[in-house]
Each structure stands twice: as structure tokens, then as C-alpha cells.
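Let's take a walk through a protein model together. Keep the sequence and the 3D view open, and find each residue as we get to it.

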Amino acid sequence: VAVLRAGGAYLPLDLEHPAERIATILRGARPTVVLAEADPHGLYGEALLRPAEWPQTGEAQGCGATLDTAAYVIYTSGSTGTPKGVVVEHRAIVNRLLWMAAHYGIAGTDRILLKTPATFDVSVWEFFLPLIRGATLVVAPPDAHRDPVMLTQLIRDEGITTVHFVPSMLAAFLAAPESAGLAIARVFTSGEELPAD
């Protein structure tokens with residue numbers, strides 16, 4: 001949110017990826033600033049800005065971003081051999097968010113679970129959809145997206161109304177005995193073929 005308010009575009013990095021992949025992404029994107037607590041692979045160079053160095057301001061200034069400026073850059077999984085960056089403009093994400101909010105009736109009473117790693121495009125609507133509707137954004141603990149039992153408990157405890165699963169994780173989630181009787185208003189799925197069952 002801070003990057004967007006400042007007029008920048010964000011590029012999420014997954015530190016669990018191999019150093020070579022991260023280096024390829026950094027060479028391609030050429031970020032001017034890398035916000036990180038550490039540089040585990042020694043790749044950020046002069047662009048690294050640690051938390052103690054982050055600017056502390058009281059008032060947000062006009063950022064100059066328009067619907068045509070970049071909001072974020074996301075890299076493909078690299079299934080063709082080399083990851084490729086995709087620049088997404090504010091217009092695209094705003095259109096998507098407004099459409100989802102209206103089409104699915106997202107309201108201020110909803111509780112949306114953010115469990116997708118930031119390096120995947122699904123995370124974008126998970127981050128921002130609740131914020132444009134006054135809904136509650138519930139952030140799952142790291143790696144919760146891989147644990148059906150933890151997710152079930154989180155969904156139950158937090159009263160989650162809206163969640164996303166890739167089909168294979170949805171199947172694992174539904175197979176977990178703990179998910180029986182769990183009521184969720186909206187379950188989105190994408191990223192893989194959805195089996196008929």
C-alpha cells in the first residue's frame with residue numbers, strides 16, 4: 001500500500017526461490033529500491049533499504065499515479081524456461097476489483113483471507129478487494145496456504161466469508177475432516193484445471 005501511495009510499482013520477491021531466479025528477476029525489473037530486512041543472496045546492492053532507513057512521514061503526499069501507470073510487476077512461473085515480467089497498470093487492477101466487488105456483492109461485513117504468496121497474481125485481489133469495500137482483511141500466517149488443518153481453523157476462528165484456492169489445494173482442504181460443516185460464503189478457484197467433482 002505504501003509503495004502504491006508513493007506512486008511506485010511493487011515487485012514481490014520470494015526468498016525461497018533459487019538465488020539465480022531472483023537475480024534474473026532483479027536484472028529484468030531493475031528496481032530502484034529494494035525494501036528488505038536482509039540481503040540473503042547478496043543481490044540487492046545499493047538498492048537495498050532496510051527498515052531502519054525507511055522514511056517516516058506523517059502525511060501522505062499526492063503520488064502522481066494515474067490509471068495508466070504501473071501498479072505492480074509480477075513474474076511468470078518460468079514454465080518456458082525463463083521467468084518473464086508482466087507490468088500491470090492501475091487501470092487493470094481497479095477494473096478487476098470494482099467488477100469483483102459489484103459482481104460478488106463484497107460488502108463491509110465480509111472477511112477476506114489473504115493466504116496467497118505475494119508473488120502470485122491472486123494475492124493482488126486478496127490484498128486490495130477488502131480495502132476498497134471496507135471489508136476486513138485477515139492475513140494468514142506464512143505457509144498456511146499449504147496446511148488444510150491450519151486454514152480450516154483460521155477460517156472458523158476468523159469468520160472468513162471469502163477465500164481462494166487452487167483446485168488441488170481445494171481438494172485437500174475439502175478432504176480434511178476438520179472442514180466438515182464449515183460455511184464460507186464465497187470460494188474462488190483458479191490456477192489449475194478444476195475437476196468436475
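**Starting from L129**

Find L129 first: setting aside neighbours within four places in sequence, L129 is in contact with L97, M100, A101, I106 and I112. Contact here means heavy atoms within 4.5 Å.

Before going on, a word on what you're looking at. This is a predicted model, in which local features need pLDDT of at least 70, side-chain atom pairs count only at pLDDT 80 or more, and totals for chains, interfaces and linings use all residues. Residues are numbered from 1 along each chain as its sequence is written, and side-chain values use heavy atoms, with hydrogens and water left out.

Back to L129. Along with Y72 and W125, L129 touches the most other members of the largest nonpolar core, which has 19 residues. The elements giving two or more residues to this core are β3 (70–75), α3 and α4 (122–133). The largest share, five residues, comes from α4. There is also a second, separate core of 13 residues, and among its members are V138, I160, V163 and L170.

A nonpolar core is a set of buried Ala, Val, Leu, Ile, Met, Phe, Trp, Tyr and Cys residues joined through side-chain atoms within 4.5 Å. Buried means under 20% relative accessible area, exposed means over 50%, and partly exposed is in between (1.4 Å probe, protein chains only). Helices (H or I, at least four residues) and strands (E, at least two) are DSSP runs, numbered from the N terminus. In soluble globular proteins, nonpolar side chains tend to be buried together.

Now let's follow helix α3. (The expected span is 1.5 Å times one less than the number of residues.) Which residues of α3 are buried? They are H90, I93, L97, M100 and A101. These cover an arc of only 115 degrees around the axis, which puts them on the same side of α3; the arc is that of the directions from the helix axis to the C-beta atoms. An α-helix has 3.6 residues a turn, so residues three or four places apart point the same way.

What do the buried residues of α3 pack against? Their partners are α1, β3, β4 (85–89), α4 and β8. On the face turned away from the buried side, you'll find the exposed residues A102 and H103. After α3 comes G105, whose phi is positive, near 65 degrees.

Take a closer look at H90, which lies in α3 (residues 90–103). H90 counts as buried because its relative accessibility is 14%. Leaving aside neighbours within four places in sequence, H90 is in contact with L4, A65, T66, L67, T69, A70 and A71.

Over in helix α4, look for R133. R133 counts as partly exposed, at 36% relative accessibility. Again skipping neighbours within four places in sequence, R133 is in contact with A101, A102, I106, A107 and G108.

Next, the charged pairs. Side chains of opposite charge can pair when their charged atoms come close. A salt bridge is a side-chain nitrogen of Lys or Arg within 4 Å of a carboxyl oxygen of Asp or Glu, and this structure holds five. In one of them, the side chains of D110 and R186 meet at 3.0 Å, N to O. D110 sits in the loop between α3 and β5 (111–114) and R186 in strand β8 (residues 186–189), so the pair ties together parts that are 76 residues apart in sequence. Are these two buried or exposed? Both D110 and R186 are buried.

R146 gives a contrasting picture. R146 pairs with E16, with the closest N and O atoms 3.8 Å apart, and also with D143 at 2.9 Å, N to O. Salt bridges with shared partners join E16, D143 and R146 into one network. R146 is exposed, with a relative accessible area of 52%, while D143 is partly exposed at 36%. E16 is exposed too.

Finish at T152, in helix α5. T152 counts as buried, at 1% relative accessibility. Leaving aside neighbours within four places in sequence, T152 is in contact with F173, E178, S179 and L182.
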